[in-house]
Protein chains: 2
Amino acid sequence: MIRIESIRVRTIPLQADYRNATVSFAGMTGSVVAILARGDDGSVEVGYGFGSIGRYAQTEMIRERFGPRLLRVDPSAYNRGGLPDPLLLNRLMRRDEKQGGHGERSVAIGAIDMAAWDLYAKLERKPLFLCLAERFNGGRSDSSVEVYAAGGYYYDEGGQARLRRELEGYPERGFRSVKIKIGGASLKEDLQRIETAIATVGSPSDVAVDANGRFRVEEALEWGKAMEDLNLRWYEEPVDPLDFEAYKQLGSAYGPPLATGENLFSLQEANNLIRYAGLRPDRDILQMDPGLAYGVSEYLDIIHALESAGWSRRSCFPHGGNLFNLHVAQGLQIGGTEVYPEVFAPLGGFGESVEIEKGRASAPEVPGIGWETKPDLMDCFKERLKAQRHKGTKDSKG
Amino acid sequence: MIRIESIRVRTIPLQADYRNATVSFAGMTGSVVAILARGDDGSVEVGYGFGSIGRYAQTEMIRERFGPRLLRVDPSAYNRGGLPDPLLLNRLMRRDEKQGGHGERSVAIGAIDMAAWDLYAKLERKPLFLCLAERFNGGRSDSSVEVYAAGGYYYDEGGQARLRRELEGYPERGFRSVKIKIGGASLKEDLQRIETAIATVGSPSDVAVDANGRFRVEEALEWGKAMEDLNLRWYEEPVDPLDFEAYKQLGSAYGPPLATGENLFSLQEANNLIRYAGLRPDRDILQMDPGLAYGVSEYLDIIHALESAGWSRRSCFPHGGNLFNLHVAQGLQIGGTEVYPEVFAPLGGFGESVEIEKGRASAPEVPGIGWETKPDLMDCFKERLKAQRHKGTKDSKG
C-alpha cells in the first residue's frame with residue numbers, strides 16, 4: 001500500500017510576450033504540482049504535473065479542494081495492485097462536485113491527474129506511454145507520434161520578418177508542419193502571413209491556421225472563402241468553441257479540414273460537439289487536451305465516445321504541446337499532438353532530449369513522464385515545490 | 001470620477017450539513033467580496049457581493065486575476081456618467097480570457113459583478129432593482145416577485161418527520177410553494193417524500209422536485225412516469241445539465257413542466273440549451289443564476305437570446321436564493337426566484353426584513369442590494385473583509 005503524503009502546489013508565471021487573436025498571454029500563469037507518496041517500507045516517490053497552458057493557475061482549487069479530498073481518505077480507497085491508481089484518485093477528487101461548469105476545475109484536476117500518472121509510471125518503472133498502452137490499449141503503442149510546431153503568434157514587433165525567421169527554425173529542428181495564428185490582423189495581412197508560412201515550410205498541407213475563436217460566423221466564412229483554395233492542413237477554431245451552429249455552417253461551406261476542441265473540457269461537451277457541430281469524421285480534427293480536461297480518465301471516456309460515434313481516434317491531436325500529451329498520444333495511438341517549441345516555457349515543449357525527426361517524436365524512455373529529461377521544467381518543479389515553508393504541507397496533515 | 005481603490009476577498013465556510021442526490025455540502029465554501037471606491041472628493045463607498053452557492057470559493061481568481069485587472073486600469077476605462085459602470089467593469093475583467101470553459105471563473109466574475117452593482121446602486125442612492133429597471137427595462141419593474149422555498153434536502157437523520165416539520169414551516173412564513181430534492185433515495189421513498197410535501201403545502205402544483213442531474217435517462221424517465229399524473233409544479237434537472245439529448249427525450253415523454261439551467265454558466269450554453277434540448281416555451285422553466293454566471297451583463301444577454309428564440313422572460317426563475325437575485329427578478333420582470341430560507345447561511349435567504357406574503361417578496365427599499373438589512377450576512381462581510389492584515393489590500397497597490 002502506498003500513501004499519498006502530501007500534495008504541493010505553486011503558481012508560476014509563464015514566459016509569454018505574445019498574443020493570439022483574442023488574448024494576450026503577458027499575464028499568463030500556471031500551477032505546478034507535486035504528489036509525494038510513501039510506501040509501507042518508507043520509500044518515497046514524487047510525481048509532477050502542471051496546469052495550465054492558456055487557462056491560468058488553479059492553485060487554490062488544488063490546495064483547498066482537490067488535494068485535501070485525496071489526503072483525507074484512507075489509502076485503500078485509491079490503491080489498486082499495490083499502487084495509487086490515477087483512475088481511482090480522479091474519481092475521489094470529483095466527489096461533491098456538481099455537474100456542468102466544466103472549466104478551471106478541469107484544469108486543477110488535470111494537473112493533479114498528470115502528477116498522479118507520473119507517480120504511477122515511476123512506481124511501475126516504465127515510461128507513461130507504456131503504462132497507458134498496457135492498461136487501456138491492449139499493449140499497443142506507436143513507436144513515434146506525429147507532431148507539429150505551434151507558433152506564429154502575433155508579436156508587437158517584427159512583423160512578417162519575425163514570423164519568417166521563427167518558421168524557418170522549425171524545419172531545421174525536424175518539424176514538417178506548423179501552425180500559425182490568424183484573426184488578429186486584417187484578412188490581407190493574415191493571407192500574407194499564410195503565404196510566408198507556406199513559402200517557408202514548402203506545402204500548404206503542412207500549414208494549419210488558428211483563429212482562436214475570434215470570428216463571428218460571417219467573418220469566419222469570409223476568411224474561409226479566401227483560404228479554401230489553398231487547401232491548408234486545417235482551419236482551427238474559427239468561431240466560439242461552443243457555437244456548434246456556426247461550426248455546422250462552416251462545415252457545409254468550407255471544404256478542407258476544420259479543427260476544434262481545445263476549449264471543451266468534458267465528455268459532455270465533446271458529445272455535444274459531435275452531435276451538433278456537423279463535423280466531418282473523414283477530415284476534421286479534434287483537439288481536446290487531457291491536461292486541461294480532468295486528465296486521462298475523462299480523455300479515455302471522450303475517445304470511446306468518439307469511436308462509438310464513428311470517429312477514428314487518429315482524428316485527435318490534443319492541444320497542449322507538452323511531454324504528457326506526447327505520452328498520451330503514443331500510448332493511446334491517437335493522431336498526434338501539438339508542440340510549443342518556443343512558447344509557454346517552461347511548461348511547453350518536449351525538451352532537448354526528444355528529437356523531432358521528419359515531423360515525428362517519441363516520448364523519453366525513462367520511468368514516468370520524463371520531466372527529468374527537460375531540465376528547465378524539472379528545475380522549476382524542484383525549486384518551486386520544495387517542502388520548506390510551504391502551505392501544501394499543511395494540507396498533508398489535514 | 002470614482003476610483004476603485006481595493007477589492008477585498010475572503011473564503012468562508014457555508015453552514016451546510018445536508019446533501020442532494022449528487023453532492024454533500026458539508027465542505028462547501030464561498031467567497032465574500034468588497035469593492036472599495038473613492039470619489040474625487042475623498043468620499044468612500046463599499047459594495048459587497050459573494051460567490052458561490054453550491055460551486056465553492058473562488059478567492060484566488062478574484063484576488064490574482066479579476067481584481068487586479070480592474071485595479072490596473074485607469075478609472076476612465078470604467079466610469080460612465082460619473083459612476084463605475086458594472087457593464088464596463090465586467091468587460092474589463094474578461095480581457096485575456098479564452099472562450100469556452102464556463103465554470104468557476106463565471107462564479108468569480110459573478111461575485112465581483114454583484115459587489116459592483118451593490119456599489120453602483122448605493123452611489124445612485126437607489127435600490128438595485130430600480131437601477132436595473134431604469135437602465136435595462138424601460139423603467140418598469142414588478143412591485144413584488146414570485147418566490148418559492150427551496151429546501152427538502154436529504155439529512156442523515158429525521159427522515160419523513162424531519163421533512164414534514166421543515167415543510168410545515170414554509171406556509172407559516174408566507175410561502176405558497178416549495179421545492180424538495182429527489183433522486184437521493186429509492187423511487188418508493190422519493191414518492192413518499194413527494195406525498196409528504198403535497199400533504200403539507202396542499203397542492204401538487206405548489207411542489208417542485210429537483211434531482212440535481214443525478215439520473216441516467218432511463219431512471220429519469222422512470223421517475224417521470226411515476227410522477228407524471230401528480231402534475232407537479234416542475235421536475236428539475238433530471239439528468240446531466242449538458243445532456244441536451246436526454247432533455248429532449250424527457251420533454252417528449254413527460255408532459256408537466258421541466259426545469260433546468262442552474263448549471264449552465266454562459267450565454268453560449270444557454271443558447272445550446274434552447275437550440276438542442278427540446279424544451280417547451282409554454283411551460284418549462286429556466287434557472288440560470290446571474291450570480292454564478294458572470295453577473296448581470298451575461299444575464300441580460302441570456303434574456304435577450306431567450307426572447308429572440310420565442311421564450312418569455314417570465315419562464316426564468318434563477319437558482320441562488322439570495323437578495324441579489326430578488327432584485328434582478330424584480331427589476332428585469334422575470335418569472336421569479338428561489339429562496340433558501342434554511343440553507344446556505346449566511347449567503348442564502350433574504351433576511352428578516354423581507355416579508356414573504358402569499359408567496360411573493362419585494363426587495364428592500366434601501367440603496368444598493370440591501371445587505372445591510374440582513375445582519376448575519378452584513379456582519380460576515382464586515383468581519384471577514386476588514387482592511388487590516390489583508391492580502392486584498394496588496395492588490396490595491398499593484
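Which residues in α1(A) meet which residues in α3(A)? In this predicted model, A:Met61, A:Ile62 and A:Phe66 stand on the α1(A) side, and they meet A:Arg105, A:Ala108, A:Ile109, A:Ala111 and A:Ile112 of α3(A). Sorted by class, this contact has seven nonpolar residues, no polar ones and one charged one. The two helix axes come within 10 Å and cross at roughly 75°. With angles of 65 to 115 degrees counted as roughly perpendicular, α1(A) is therefore roughly perpendicular to α3(A).

Let's step back and look at the whole chain. Chain A is divided into two domains: domain 1 takes in 2-125 + 377-397, and domain 2 covers 135-373. Their C-alpha centres lie 25 Å apart. Where the two domains touch, 36 residues of domain 1 of chain A are in contact with 37 residues of domain 2 of chain A. On the domain 1 side, at least two residues each come from β3 (44-51), α2 (86-93), α3 (105-124) and α12 (375-384) of chain A. Here α3(A) turns up again, with the largest share of that side, ten residues. By class, the domain 1 side divides into 18 nonpolar, twelve polar and six charged residues.

Now bring in the second chain. Two copies of a chain are related by a rotation about an axis and a shift along it.

The contact between the chains takes 35 residues from chain A and 35 residues from chain B. On the chain A side, α1 (59-72), α8 (244-253) and α9 (267-276) each supply at least two residues, and α9(A) gives the most, with five residues. This side of chain A divides into eight nonpolar, 14 polar and 13 charged residues. Because 100% of the interface residues of chain A are also interface residues in chain B, the copies meet through the same surface.

Helix α2 (residues 86-93) and helix α3 (residues 105-124) of chain B pack at an angle of about 155°, with their axes 9 Å apart, so α2(B) is roughly antiparallel to α3(B). The crossing of α2(B) past α3(B) is right-handed. From α2(B), the residues B:Pro86, B:Leu89, B:Asn90 and B:Met93 meet partners in α3(B), among them B:Ile109, B:Ala116, B:Trp117 and B:Tyr120. The residues of this contact divide into eight nonpolar, one polar and one charged.

The other pair is helix α4 (residues 128-136) and helix α11 (residues 323-332) of chain B, which pack at an angle of about 40° with their axes 8 Å apart. That angle makes α4(B) oblique to α11(B), and α4(B) passes α11(B) in a right-handed crossing. Contributors from α4(B) include B:Leu128, B:Phe129 and B:Phe136, while α11(B) brings residues including B:His327, B:Val328 and B:Leu332. By class, the contact of α4(B) with α11(B) divides into eight nonpolar, three polar and no charged residues.

Note on methods:
Residues are numbered from 1 along each chain as its sequence is written. Chains are lettered from A and ligands numbered from 1 in the order in which they are written. This is a predicted model: local features need pLDDT of at least 70, side-chain atom pairs count only at pLDDT 80 or more; totals for chains, interfaces and linings use all residues. Domain bounds come from an automatic or database domain assignment. Two residues are in contact if their C-beta atoms, placed from the backbone, lie within 7 Å. Helices (H or I, at least four residues) and strands (E, at least two) are DSSP runs, numbered from the N terminus. Ala, Val, Leu, Ile, Met, Phe, Trp, Tyr, Cys and Pro count as nonpolar, Asp, Glu, Lys and Arg as charged, and the others, Gly among them, as polar. Axes are lines fitted to C-alpha atoms, for helices over the stretch in contact, and angles run from 0 to 180 degrees between N-to-C directions. Angles under 35 degrees count as roughly parallel, over 145 as roughly antiparallel, 65 to 115 as roughly perpendicular and the rest as oblique. A crossing is left-handed if the near helix is turned anticlockwise from the far one by less than a right angle, and right-handed if clockwise.
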